[in-house]
Amino acid sequence: MQTFSAEEMAALTKAVIQHMDEWKISGEDMLVILGLGEEVRPRHLQQYRQGDKSFPQTPEMMDRIDHIVGIADALRTTFPFSSQMRVMWLSKPHRRFQRRDPLAVMLAEGVDGLMRVRIEVDCAYGYAINDALHAAAEKKKAAAA
């Protein structure tokens, strides 16, 4: 896992909060998506926004950050001229999520939900995951033979 300096982590924290602010989601939902514990309240998010506090550099948090940034980048690529469309995509029921909206998937399924949403909105990431799974299966099959 790559480690970041305090300044880099503060900048990354601010960027992630900014992405979620652009998505117009509540503070409570941000805390769930970020996997921050019960001790963090929505009012504490202002400290993260201002750079006074940074997210912990745990493997799970870094996975969450990676997926959030990937989703934000893919939404910006898909809807380059409309932040409103990005917000709408996150809140619109989707057939691949059993008619649930992507935000509901992220809230209910944690890191796995973030990854599922990212795969759906970022085809390049989805292809990379598929290729990695296929290569692992081939390797396992070759080892068994």
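1. In this predicted model, the side chain of H94 makes a polar contact with the side chain of E120, at 3.4 Å. H94 lies in the loop between helix 5 (83–91) and helix 6, and, leaving aside residues up to four places away in sequence, H94 touches W89, R99, R100 and E120. With a relative accessibility of 15%, H94 counts as buried, because the cut-off for that class is under 20%.

2. R99, one of the residues that H94 touches, is likewise placed in the loop between helix 5 and helix 6. Its phi is near 65 degrees, a positive value in a residue other than glycine, and R99 counts as exposed at 57% relative accessibility.

3. A positive phi, of about 60 degrees, is also found at K24, which is not a glycine. K24 sits in the loop between helix 1 (6–22) and helix 2 (27–34), and K24 is exposed, with a relative accessible area of 68%.

4. Helix 4 (residues 59–78) packs with helix 6 (residues 102–121) at an angle of about 40 degrees, the two axes being 9 Å apart, and the two helices are therefore oblique to each other. The crossing in which helix 4 passes helix 6 is left-handed.

5. On the side of helix 4, the contact is made by E60, D63, R64, D66, H67, I68, G70, I71, A74, L75 and T78, while helix 6 contributes M106, G110, V111, L114, M115, V117, R118 and V121. Sorted by class, this contact of helix 4 with helix 6 has ten nonpolar, four polar and five charged residues.

Key: Residues numbered from 1 in each chain as written. Predicted model: local features only at pLDDT ≥ 70, side-chain atom pairs only at ≥ 80, totals over all residues. Heavy atoms only, no water. Axes fitted to C-alpha atoms, helices over the stretch in contact; angles between N-to-C directions. Helix = DSSP H or I, 4+ residues; strand = E, 2+ residues; numbered from the N terminus. Parallel < 35°, antiparallel > 145°, perpendicular 65-115°, else oblique. Left-handed = near helix turned anticlockwise from the far one by under 90°. Contact = heavy atoms within 4.5 Å. Nonpolar A, V, L, I, M, F, W, Y, C, P; charged D, E, K, R; others polar. Buried < 20%, exposed > 50% of the residue type's maximum accessible area, 1.4 Å probe, protein only. Polar contact = N/O pair within 3.5 Å; in protein donor to acceptor, adjacent residues only side chain to side chain.
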